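The points are numbered and may be read in order.

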Amino acid sequence: MTQIIPVLYQFSWIITLPLTVTVWSWHTLWVIPLALVWHWLSFSLTGHMIISHQQKSRWIPDIILKTCFFINCYISPSLWAGYHIQHHKHTDTVSDPQSRDHLGLKPLIATYDPELCDLRTYVRSEKNYINHFFTRYYWLGVIMAVTVATTTPVWSGLLWLVPGSIAFNIALLSAWYTHKNSEPLSDMPAVMNVLFSGESRYHAQHHADWNHCEPVTKLMLQS
């Protein structure tokens, strides 16, 4: 039975929208580029390349990167990996959990069908002690993050809550947008290349050979 992944940041606008409306002005527009940084760091680099494709960061410890990932989407790293690998194994088919051709808008609301999770990838990912920690202590991590989120001062909310919410929705949109008519998009409008920051026109190359990742991301990684 299809379930909604427990992603509290899907509903984080309940917290962040009033904050955004209250403090939004020309001098808080820096939140927008910060959201692109959060997206690249938490999802393009960590969620995609490190968690899903088992790469290593040269400069930043995994625990920091995976914590950034978790507090911006509240998804178990192992679940994310098992779900994304299916996208590569069954690209643009009914078994692809990110296919907009077959699933419509479902990927944009983080629907999760357990049958679409690659169990072998999930089990392998759980052997990593950091991934396992976020699975085993999932709800403790959620409670701690929500507590911090609801008691954080305004400036902290602008540094984390608002751009984190935007970043996660950009990640969902990029996963949904980068394929059309059962083909990875090799050419995108310039605004999408900027918005997706690492998941844009390089996405098609990544499907052909994932080593052809975004240059800055590739610099951060080592085999």
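1. D118 is buried, at a relative accessible area of 9%; buried stands for under 20% relative accessible area, exposed for over 50%, and partly exposed for what lies in between (1.4 Å probe, protein chains only). D118 forms a salt bridge with K89, and the closest N and O atoms are 2.7 Å apart. Because K89 belongs to helix α4 while D118 sits in the loop between β3 (111-112) and α6 (119-126), the pair ties together parts that are 29 residues apart in sequence. A salt bridge here is a side-chain nitrogen of Lys or Arg within 4 Å of a carboxyl oxygen of Asp or Glu.

2. This is a predicted model, in which local features need pLDDT of at least 70 and side-chain atom pairs count only at pLDDT 80 or more, whereas totals for chains, interfaces and linings use all residues. Residues are numbered from 1 along each chain as its sequence is written, and side-chain values use heavy atoms, with hydrogens and water left out.

3. By the salt-bridge rule, the count comes to 2. Besides the pair described in point 1, D62 and K56 meet through their side chains at 3.9 Å, N to O. D62 is buried, with a relative accessible area of 14%, whereas K56 counts as partly exposed at 40%.

4. As for the overall make-up, the protein has 13 helices and 6 strands; these are DSSP runs numbered from the N terminus, helices being H or I with at least four residues and strands E with at least two. Buried residues account for 51% of the 223 residues. Of the contacts (heavy atoms within 4.5 Å) with a separation of 6 or more, 74% are between residues 24 or more positions apart. The protein exposes about 11200 Å², of which carbon and sulfur atoms supply 67%; the areas come from the Shrake-Rupley method with a 1.4 Å probe, and for residues only the protein chains shown count as cover.

5. D96 is placed in the loop between α4 (77-89) and α5 (100-103). D96 is buried, with a relative accessible area of 0%. Leaving aside residues up to four places away in sequence, D96 touches H87, H90, T91 and L103. With H87, the side chain of D96 also makes a polar contact of 3.0 Å; such a contact is a pair of N or O atoms within 3.5 Å, where within protein one must be able to donate a hydrogen and the other to accept it, and residues adjacent in sequence count only if both atoms are side-chain atoms.

6. Which residues of helix α7 (residues 129-136) are buried? They are I130, N131 and F134. Seen down the axis of α7, these buried residues fall within an arc of 105°, so they line one face of the helix; the arc is that of the directions from the helix axis to the C-beta atoms. Their cover includes α3 (62-73), α4, α6 and α8 (138-151). On the other side of α7, Y129 and R136 are exposed. At the start of α7, a side-chain oxygen of N128 comes within 2.9 Å of the backbone nitrogen of I130.

7. H132 also has its place in helix α7, and is partly exposed, with a relative accessible area of 35%. The C-alpha atoms of H132 and S76 are separated by 8.5 Å, although these residues are 56 residues apart along the chain.
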